[in-house]
Every structure is written in C-alpha cells, then in structure tokens.
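Hello,

Here is the structure I promised to pass on to you. Please have a look at it first, and then read my notes below.

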Amino acid sequence: MANRLVTDKFIHGIGASAGIIIGKAFLVDRSLVRPAQKRIGPGEVDSEVERFRRALEESKNQLAEIKERILDPEVRQHSFILDVHLMILNDAMLIQDTIDTIRKRKVNAEWALEQTIDKLDAAFNAIEDEYFKERRSDLRYVSARLFRSLQGKKHDDITKIKGSVIVVAHDLSPADTLQMNLKHISGFVTDMGGKVSHTAILARSLGIPAIVGLNVATALINGGDLLVIDGESGDVVVNPTEEVSKSFLERKRRIKFLEREVIKYASLPAETQDGVRVQLQANIEMVDEIPSLKIYGAEGVGLYRTEILFMNRKELPAEEEQFQVYRRLAEALHPAHATIRTLDIGGDKILSNYPKGNEMNPAMGLRAVRFSMKEIDIFKNQLRAILRASAFGKLKLLIPMISGIQEIRQVKAILQEVKRGLTKAKVSFDPEIQVGVMIEVPSASITADILAREVDFFSIGTNDLIQYALAIDRVNEHVSYLYEPLHPAILRIIRNVVQTAHQAKIPVAICGEMAAEPAYALILLGMGLDEFSMTPASIPRMKRILRLSRFEDAVALVDRIFQFQTASEIESYVRKWMVERFPKDFTAHSSVQETRSSS
Ligand code: PEP
Ligand code: MG
C-alpha cells in the first residue's frame, strides 16, 4: 500500500483515559469485513447450517480460551465482558433466526447471520440509551468474530504485538483488548467509541492512555507512523514535528510532576490550614470501582448510583443479587459509610423490559423516586436488599429527585413497612440506617427547612439542580452555554440549603460534577459544605487544594463573589483568584492545543 505521509496532523477525539504517550502506531484491522453473500442450492442447506454451528463453537472456544489465559487479576476483573459475548453466542434468537434464514432463503451462513444481526441491531437502536449502544457494539464484536470464524481465520495479528506500540483500530472489542499482551501496549486510539465504552473503562482502570471517537484515525494513520496522544485532552498528532513532540513532553512533565505531588495528598485528611475538616467521598457506579477508593483516598462513598445494576439486562436484578452487591460495598467500606442511592431510572435511562412511556418532558416525568413509587415492588425489593446489606457495614440510604415533604413521608412509610417485614422474618439490618435526600429539584431547595426535619442528611445534586433551576436541559448542546454552575441563582440556592441544614443540625454533601471542579473547591468550602463526593481520581487534587487553603479566605471569597451579578464575572474572578494561589495546579492541565491557540 502506498504510504500517505501525513506530518504534524492534529486529530481530535474523546479523551477516554488520561496520559501522554509518544509511540509507533500498530494498525489493527478491525474494519467490519463485508462477508460474501451467496445463494446456495437445496442440497447445500444442511452443510451450511453445520458450518454456522461450527463457527459458533469455534468462536465460543476462542472466547473461553482468552478468558482462561488472563492471569493478571486486575485484567481478570473485566472478563465478565467475555461472558456477555458468550451469552450473545448462546442466544437462542440469534442462532435460530440465522438457521431459519439459511433454510428458508437458501443463502450462505454469512448472509443469514448478517440479516439476523441487522434485526437485533435495529431493535437495540430503537432504545435511546447509552448502555444499549454498548450492547450494539458488543453485538458487532461478536458478529465480527463469527465472520472471522466462518472464513476460517483462527489466529490474528493482535496476539503477536511486540515492543511497545499505540494500537490504532476502527473499533476494539473488550475481547480484543483482553487478548493483547497489555505489556506491549502503551496506548489505544479508535475511530469509534465513547467515554463509557468497555474498552475506555478498561483502559482507564489499567491506566493506559486512550482516545476514542476519532472517526478518521484509521484513515489518516499508517502502521509505523509516529504518534503523540494526549488521553486527557483527546488530541492525537500524527508524525509530529520535533517542536510539537517537545511541547507534549513538556506538558507531560508538568502533569507528572503535579500528579506525584498530588497523590501524596490521597491519604491525608481534607483539612484546611486553619483546622476546618471536610469529608471527601467517592461517586461510584459499579462496585468494581472499590479498589480505586483506597488509592485515591476516598473517605467513604457519597453516592453509589445503582442504575447500572438495573440496566443492560433482560431481567431486573433479584433482591438476592442486589443484596450481594450492596453487602460487598458495605463490607469493603467498613468502618466508613457507603451511601446507596435508590434507583434514579426514567427520563433517558430506561429499563430494558419496561415500556418506554411517550413523555414530552422525560426529565420532568416518571423519573427516580416517582418511578420507584409507581413500581412499588421494584422499590421494596431494592430497600430490602439495602437493609439486609446494612447489617454488614455502615450504609446510608439516599433518595433521588425528592420535590417535597409528602414524597419523603411516603418513602419513609414504605421503608418502615419493609423494616417490619424483615423484623418479622428475623432478618438482621441496621434499624438506625440514615435516610437522606438529594436536593436537586428547586422546590426541595426552597422547602429545605421542612425536609430537614424528616431526614438525616442532604446531598446536593448540582447536575440536575442546575438544569431544573435554570431551565437548561443538561443534555441539550444548543443551550449548554447557559448551563452555569456559578450562576448567582445556583450559588444562592446552595448557600441557603447549607445554612438551613446546619440550623437543623444535619450535614450537607454535594455530589454533582461541580464538586469535582478544583476551581470551585474554595467556593464550596466557603459556603460551608460538609462533604464533597466526586469521581475517585479527582479526590487527591481536591485534598491538596483544601489543605493548602484557609477556611477564612474561602469565606471571604464567597462574600466577594456574592457581590457579582453574572456567572461569567464570578467565573473569571474565581479562576484568577485560584491561579494566583495555585499557579502550578491551574496551568499544568491546559492542553497543548489550548496553549498553541492562545499564544
Ligand atoms: C446530580 O443530579 O447532581 C447527581 C449527582 O445525580 P445524577 O447526575 O445521577 O442525576
Ligand atoms: Mg440527579
């Protein structure tokens, strides 16, 4: 193939796993091979069905073998993805539909399989949900493997990677990733994928830089090209000039230096220089994230989003399955607390076997606690599982999207009923389990004084609070410029909620994304929040900022910003204030592209 020499070409994708790497590209051919479509004679039908069955077996054996070969326990944790692929290969509909098509339409196995896959894909595509998108990619990976098996391709280049390379592929299945000798992989670059794709999650937990969703990577990059990739900003440079490489290496040096500095803070308390102590806790979505809590120094789990446990599957998790998961969390965290939020389903997050209601405004529809109160059996099951797990550690219960006192009273009545049932059945649980509410609906923030009498703690969910208070759909890119965490309305709401909670002598946490923004750390501290809950990797940096600050300065900062009238005035004032006090922290992370375009 003729070499298209591209020099110093910047491509921009989604930074899926942080880290800057310079290395040679290794191109993996994972473009979906369009299999040959052939008609077959009536006498060939049985052998074609047999050929399909053999390919199924072959693919299953390959996956089982990959699974067995994974020795590294950290990589092994992710092998459940291989089970998902095995499940697809065992799916009765996939097998039967393909065989029926071979028989009825007299077409070769590849063509029949393609038709079945298209049908399944269309069914998944009709469901608007990030997790179903992932199932669609699992389907693609499995079909590509089956097509390879049908074509008799047993081994592929992926297992033979040597040296240290950046893998460039159209798409990578988790099975592909697990099959590689990860010691030889210094980075991943793919055309497809999003931040929550399995490969991205795997890359993050293994600490391998990755950029996904580049669209044109395989079109622009040749095997052997020199690449520099920045897994935080999402930048890829193909055959960089020496000057560009140097600027990336310089950024890497700055970030590394800061990270070495920052990680030292992980195990220290989040205490300011004038002795004010807050709690830094973790937001998690899967119990598999538990090991990272220790690494980053989380002092507990402030928000366990239970949705993932319920999504992505045909049957809802039974009480027992949920109990095992919650118990694992309770035991692993003990003696620290883990806050389990009850199902926040609805809106754009739907359950697979639950009909999607035609709601005009799903974000304001049957969501979260409203869904739980309608599907009372699902709710009671979850409460029972959480209560049972509470006997094995310290759990707290957090209720999402509460809009007024009536709802929390109803929830508590149901909780009482579930508790009574457990007592009667002589099942242990923590009778004093604390119950808190998310403050994320404006009416809840305005009536915080009333709510505070009914609950043990508040947790402010700024992601939704901002959307509901400012009337800005949090997923609508047309109005995203108005999604302003530092809008005076939001700051007033937070300050009032904190003051109200403290008057009622209950603690107040913040668990929206705003809590993980280092530039806002002192505003939140100055407003008096007791707990900050965020993605675990953000904790050390936040601790460092808090430990190098004084509470009285933070209070003065808050007084000052309350004099401004717009979010942009507040934002620029705060950023300047932070850069002056923490120059290293706030300049190291600006990307090479940002630095280039601003100079
Ligand atoms: C929030 O709304 O801020 C929050 C933490 O919940 P979620 O992002 O899951 O809606
Ligand atoms: Mg929310």
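What share of the 599 residues in the protein chain is buried? Buried residues account for 53% of them. Please keep in mind that this is a predicted model.

Now for the overall picture. The protein chain holds 26 helices and 17 strands. If you take the contacts between residues at least 6 apart in sequence, 70% of these join residues at least 24 apart. The accessible surface amounts to about 27,100 Å², and carbon and sulfur atoms contribute 53% of that area.

Next, the metal site. Glu-440 (OE) and Asp-464 (OD) coordinate the magnesium ion (ligand 2), at 2.1 Å. Glu-440 sits in the loop between strand S14 (434-439) and helix H17 (442-446), while Asp-464 belongs to helix H19 (residues 462-470), so the pair ties together parts that are 24 residues apart in sequence. Both Glu-440 and Asp-464 are buried.

There is also a helix pair to look at. Helix H10 (residues 242-263) and helix H22 (residues 539-547) have axes that come within 8 Å and cross at roughly 75 degrees. The two helices, H10 and H22, are therefore roughly perpendicular to each other. On the H10 side, the residues in contact are Leu-258, Glu-261, Val-262 and Ile-263; they meet Pro-540, Arg-541 and Arg-544 of H22. Sorted by class, this contact of H10 with H22 has four nonpolar and three charged residues, and no polar ones.

Enjoy exploring it, and write back with any questions.

Best wishes

Technical notes
Residues are numbered from 1 along each chain as its sequence is written. Chains are lettered from A and ligands numbered from 1 in the order in which they are written. This is a predicted model: local features need pLDDT of at least 70, side-chain atom pairs count only at pLDDT 80 or more; totals for chains, interfaces and linings use all residues. Side-chain values use heavy atoms; hydrogens and water are left out. Donors are N, O and S atoms within 2.8 Å of the metal (3.2 Å for Na, K and Ca); water is not among the atoms, so sites may look incomplete. Helices (H or I, at least four residues) and strands (E, at least two) are DSSP runs, numbered from the N terminus. Buried means under 20% relative accessible area, exposed over 50%, partly exposed in between (1.4 Å probe, protein chains only). Contact means heavy atoms within 4.5 Å. Accessible areas come from the Shrake-Rupley method with a 1.4 Å probe; for residues, only the protein chains shown count as cover. Axes are lines fitted to C-alpha atoms, for helices over the stretch in contact, and angles run from 0 to 180 degrees between N-to-C directions. Angles under 35 degrees count as roughly parallel, over 145 as roughly antiparallel, 65 to 115 as roughly perpendicular and the rest as oblique. Ala, Val, Leu, Ile, Met, Phe, Trp, Tyr, Cys and Pro count as nonpolar, Asp, Glu, Lys and Arg as charged, and the others, Gly among them, as polar.
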